[in-house]
Amino acid sequence: MDEVELDKAWIQNPWPRYEEMRKQGPARRVVMPDGVPGWLITDYAEARSLLDDRRLSKDVRRARQFFPPGKLNAYRTRLSEHMLNDDPPNHTRLRKLVNKAFTSRAVSRLRPQIERITDDLLDGIEASDGEVELIEAFAFPLPIAVISELLGVPHADRDRIRDWSRAFISGAPIEPLMVAVDEQTAYLHELIAAKRVTPGEDLLSDLVHVTDDGDRLSEDELVAMAFLLLIAGHETTVNLLATAVYSLLLNPKQEELLRGDPSLLPGAVEEFLRTGSPIHLATIRFATEPVPVGDVEIPAGEFVMISLLAANADEARFEDPHELDITRPMGGHLAFGHGIHYCLGAPLARLEGEIAIGRLLARFPSLRLAVDPSELRWRTSTLVHGLRQLPVIAST
Ligand code: HEM
């Protein structure tokens with residue numbers, strides 16, 4: 001079977017290509033836009049099963065031996081040695097130390113804080129009375145404020161954190177990436193040192209002191225964990241919020257339905273997650289032994305990329321997958337992954353989504369796109385799936 005080369009243009013509208021590929025089989029050999037070769041999974045059932053398949057490893061230390069020179073630079077740094085890039089038993093150990101902070105119960109206590117952050121941002125939008133770029137004004141600052149407050153990161157540092165994350169996510173060339181890595185590593189060491197001296201009521205201070213059956217995080221583990229929580233806590237939710245608003249504005253009947261009955265919000269958020277898949281490709285895995293998938297066998301040592309966006313639009317699993325239907329039976333989508341790496345922050349992301357979308361709609365009864373939808377562009381990262389900008393007219 002021929003190797004498929006995926007270019008950056010494909011990311012602007014991946015679905016037709018995905019449908020074509022899925023018809024040919026659940027796994028295809030591809031070369032990604034950054035030149036990395038591997039196997040792309042587009043079929044829902046295979047995606048779900050491979051996300052939880054122990055023959056695929058996430059251990060970044062082992063994976064390094066397979067990286068083509070100059071590629072996947074972000075994985076070469078110590079910062080990437082966190083639980084999302086690890087296998088059991090170490091993954092189990094690390095996840096156990098942070099699980100408690102992210103249960104639905106623990107997260108529901110954050111509701112007043114999230115509501116306050118949301119309302120402050122909406123006040124700013126209302127004051128501007130007209131056209132706003134909704135990502136800059138709302139979808140980005142909201143999740144970064146929430147995760148920063150949760151972790152205890154000072155307000156003034158948020159823009160820097162965004163810039164560092166962008167260097168990672170966008171697969172920046174090695175030099176700017178290494179500068180970002182060094183700066184962020186030094187920053188996190190300093191922040192942790194400050195928390196040791198003066199602990200606050202925040203997750204990072206708790207992690208510094210956490211003891212679970214006598215277990216503790218080493219300094220490097222702590223830095224990598226803080227990095228993972230910061231990046232995962234905002235680079236994803238920003239896309240959920242923006243894509244949700246965008247798809248509602250393109251589907252006025254669904255918007256009307258939701259405005260008329262806010263009890264539909266939880267189901268609507270699930271549908272935004274399914275159709276928008278804020279993470280496009282699950283993070284990279286590699287085969288530790290030959291893995292048969294459909295009519296092919298993925299050889300040991302090769303990369304596997306699971307397209308959550310494609311799986312969530314598989315018509316074998318979801319009827320009329322491209323239709324936004326906020327009353328669709330909930331559950332089953334793979335936007336948060338599946339298996340042992342299932343998103344730790346899912347309860348938090350859901351709560352942020354419900355509060356943000358609910359309050360935005362309530363505050364602005366007439367909200368519309370400020371440009372023709374054809375002018376909007378998607379970010380070219382293969383990791384995240386999100387709009388670059390979302391100009392809207394927000395009037396009360
Ligand atoms: C893991 C999606 C928000 C923290 C994951 C994975 C996905 C995902 C797909 C698994 C990746 C894989 O298996 O390769 C999302 C989406 C979000 C979101 C769509 C928002 C809409 C958050 C938030 C946090 C977070 C707010 C907050 C801390 C994490 C962590 C992991 C993870 C720590 C790694 C878990 C592990 O390795 O056991 N997320 N995420 N995520 N997510 Fe999220």
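Helices α11 and α13 are roughly perpendicular to each other, because an angle of 65 to 115 degrees counts as roughly perpendicular, one under 35 as roughly parallel, one over 145 as roughly antiparallel and the rest as oblique. The structure is a predicted model, in which local features need pLDDT of at least 70, side-chain atom pairs count only at pLDDT 80 or more, and totals for chains, interfaces and linings use all residues. Residues are numbered from 1 along each chain as its sequence is written. Helices (H or I, at least four residues) and strands (E, at least two) are DSSP runs, numbered from the N terminus.

**Packing of α11 and α13**

- The axes of α11 (residues 174-197) and α13 come within 10 Å and cross at roughly 110 degrees. Axes here are lines fitted to C-alpha atoms, for helices over the stretch in contact, with angles from 0 to 180 degrees between N-to-C directions.
- Gln184, Thr185, Leu188, His189 and Ile192 of α11 meet Leu222, Val223, Ala226 and Phe227 of α13. Two residues are in contact if their C-beta atoms, placed from the backbone, lie within 7 Å.
- By class, this contact has six nonpolar, three polar and no charged residues. Ala, Val, Leu, Ile, Met, Phe, Trp, Tyr, Cys and Pro count as nonpolar, Asp, Glu, Lys and Arg as charged, and the others, Gly among them, as polar.
- Leu222 is placed in α13 (residues 219-234). This residue counts as buried because it has 21 C-beta neighbours inside 10 Å; the term requires 20 or more other C-beta atoms within 10 Å of the residue's own, exposed means 12 or fewer, partly exposed lies in between, and C-beta atoms are placed from the backbone.
- Leaving aside neighbours within four places in sequence, Leu222 contacts Ile192, Leu207, Val208 and Leu217.

**Nonpolar core**

- The largest nonpolar core has 107 residues, of which Met225, Ala226, Leu241, Val304 and Ile306 touch the most other members. Helix α13 gives the most to this core, with 11 residues.
- A nonpolar core is a set of buried Ala, Val, Leu, Ile, Met, Phe, Trp, Tyr and Cys residues joined through C-beta atoms within 7 Å.
- Apart from neighbours within four places in sequence, Leu241 is in contact with Phe138, Ala139, Leu142, Gly353 and Ala356.

**Three-stranded sheet**

- Strands in the order β5-β11-β10 form an open sheet with antiparallel pairing. At its edges stand β5 (130-133) and β10 (366-369), each with a single partner strand, so one side of each is left without a neighbour in the sheet. Neighbouring strands of this sheet are turned by 30 degrees against each other on average, direction ignored.
- Strands β10 and β11 (residues 391-395) pair in the antiparallel sense over four bridges. Two strands pair if DSSP finds at least two bridges between them.
- Val392 in β11 is the bridge partner of Leu369, and Ser395 in β11 stands opposite Ser366.
- Strand β5 also pairs with β11 in the antiparallel sense over four bridges, with Ala394 in β11 as the bridge partner of Gly130.
- The covered face of β11 holds Val392 and Ala394, whereas the uncovered face holds Pro391, Ile393 and Ser395.

**Six-stranded sheet**

- A second open sheet has six strands in the order β1-β2-β3-β9-β6-β4, with mixed pairing. Its edges are β1 (4-5) and β4 (56-57); each has a single partner strand, so one side of each lacks a neighbour in the sheet.
- Strand β1 pairs with β2 (residues 27-31) in the parallel sense over two bridges, and Glu5 stands opposite Val31 in β2.
- Helix α3 (residues 44-51) lies across β2, β3 (37-41), β4 and β9 (303-306), running at about 125 degrees to β9.

**Individual residues and backbone geometry**

- Arg350 lies in helix α18 (residues 346-363) and counts as buried, with 21 C-beta neighbours inside 10 Å.
- A cis peptide bond, with omega of about 5 degrees, joins Pro88 and Pro89. Pro89 is placed in the loop between α4 (60-63) and α5 (90-99).
- Ser277, a residue other than glycine, has a positive phi near 30 degrees. This serine is found in the loop between α16 (265-276) and β6 (285-287) and is buried, with 27 other C-beta atoms within 10 Å.
- Asp320 has a positive phi of about 40 degrees although it is not a glycine. Located in the loop between α17 (308-311) and α18, Asp320 counts as exposed, with 9 C-beta neighbours inside 10 Å.
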